[in-house]
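Here are my notes on the model you sent over. Have it open while you read, and take the points in order.

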Amino acid sequence: FLKGKTAIVTGSTSGIGLAYAQALAAEGAQVMINGFGDAGEIEKERAALEKTSGKALYDAADMTKPDEIAAMVQRCHDELGGPDIVIANAGIQHVAKIEDFPPEKFEAIIRINMSSAWYLYRAAVPFMKAKKWGRIIATASAHSLVASPNKTAYVMAKHGIAGLTKTLALEVATDGITVNCISPGYVWTPLVEHQIPDTMASRGLSREQVINDVLLDAQPTKEFVTAEQVAGLAVYLCRDEAKSITGTNLSMDGGWTAA
Ligand code: NAD
């Protein structure tokens, strides 16, 4: 049902972003992927997406650089049309007590996880307004609603995404554009895997203790959310049936924020 539509997914060389790109392409959307990683792997991913939906591009824009974000959106418009759908998904994590938190890590998290969404939306909205149709989605997090210790920058950034979602939804409410964010609990991706050593160190725990007592402790289902489940919700938000869902923060967290 997305034939003729174009999507940009930031941070789509891995994890949840890759699942969004695959799910949108499976519905016929032409996708522009973005993110870092091994050039050969990225090209393999791009070629596979292109096989699925006809055309796929990779753009290496660094989400810490506003001018590269704007250029990525313009390139999408020039080479694919659109963008009709943008998903602000790129994100990093760092786990440390505030007094040990390196300021450069703090700045990187705020830029990549939060400010990049603002620049992405700013560049994309005029193209969506011109078509009177658009879907704007961010991957927020359960941490856009609740906090965990030692994640000051991440929790700040994700709460910011929730505020951006609500505000922009009001601004474009009569333009055929919806703006929402999805707030997963723990999804098993490289981002989660990489924070295990730091959490082991900052809390003095073993790997098994971090997985069972810290990560899954918060999730009543005691199961990781999957990237495919998150992507399925994003695809639903692109449907016409979802046109009245706007300004919302949709939890997919195994019951975490109900507790
Ligand atoms: P991941 O590490 O698998 O993927 C992150 C992606 O962001 C990669 O493609 C990476 O190359 C890209 N990226 C990092 N820095 C970038 C930069 N400067 N410019 C462009 N791209 C950059 O992580 P993931 O778990 O798939 O996370 C995706 C999003 O989901 C993040 O915003 C994260 O906060 C959010 N999230 C993840 C979980 C989870 O449990 N994994 C839970 C809630 C929310």
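1. Which of the 30 residues around the ligand come nearest? They are Gly11, Gly15, Gly35, Gly91 and Leu191. A residue is near a molecule here if its C-beta atom, placed from the backbone, lies within 6 Å of it. As for elements, helix H1 (15–26), H4 and helix H6 (190–203) are the ones that give two or more residues to this shell. Helices and strands are DSSP runs numbered from the N terminus, with helices (H or I) of at least four residues and strands (E) of at least two.

2. The make-up of that shell is twelve nonpolar residues, 17 polar and one charged. For the bookkeeping, Ala, Val, Leu, Ile, Met, Phe, Trp, Tyr, Cys and Pro count as nonpolar, Asp, Glu, Lys and Arg as charged, and the others, Gly among them, as polar.

3. Before going further, a word on what you are looking at. This is a predicted model, in which local features need pLDDT of at least 70 and side-chain atom pairs count only at pLDDT 80 or more, while totals for chains, interfaces and linings use all residues. Residues are numbered from 1 along each chain as its sequence is written. The chain has a mean pLDDT (the predictor's confidence in each residue, from 0 to 100) of 97, and 100% of its residues reach 70 or more. For the complex, the predictor gives an ipTM of 0.99 and a pTM of 0.97.

4. On the overall fold, I get eight helices and seven strands. The chain is as compact as a globular protein of its length, because its radius of gyration is 18 Å, close to the 18 Å that the globule rule gives for 259 residues. That radius is taken over C-alpha atoms, and the rule is 2.2 Å times the number of residues to the power 0.38. Along the principal axes, the C-alpha atoms fill a box of roughly 50 × 40 × 35 Å.

5. Now the inside. Buried residues make up 43% of the 259 in the chain; buried means 20 or more other C-beta atoms within 10 Å of the residue's own, exposed means 12 or fewer, and partly exposed is in between, with C-beta atoms placed from the backbone. The largest nonpolar core has 64 residues, of which Tyr20, Leu24, Val31, Leu120 and Ala234 touch the most other members. Helix H4 (residues 103–131) supplies the largest share of this core, ten residues. Such a core is a set of buried Ala, Val, Leu, Ile, Met, Phe, Trp, Tyr and Cys residues joined through C-beta atoms within 7 Å.

6. Take Ala234 as one example. Leaving out residues up to four places away in sequence, Ala234 touches Tyr20, Ala23, Ile87, Ile137 and Ile182. Contact means C-beta atoms, placed from the backbone, within 7 Å.

7. Some backbone spots to check. A cis peptide bond joins Gly82 and Pro83, with omega about 0 degrees, and Pro83 is found in the loop between helix H3 (66–80) and strand E4 (85–88). Lys132 is not a glycine, yet has a positive phi of about 60 degrees; its place is the loop between H4 and strand E5 (134–139). Lys132 counts as exposed, with 10 C-beta neighbours inside 10 Å.

8. Lys222 also deserves a look: its phi is positive, near 60 degrees, in a residue other than glycine. Lys222 lies in the loop between helix H7 (207–215) and helix H8 (227–237).

Terms used:
Contact = placed C-beta atoms within 7 Å.
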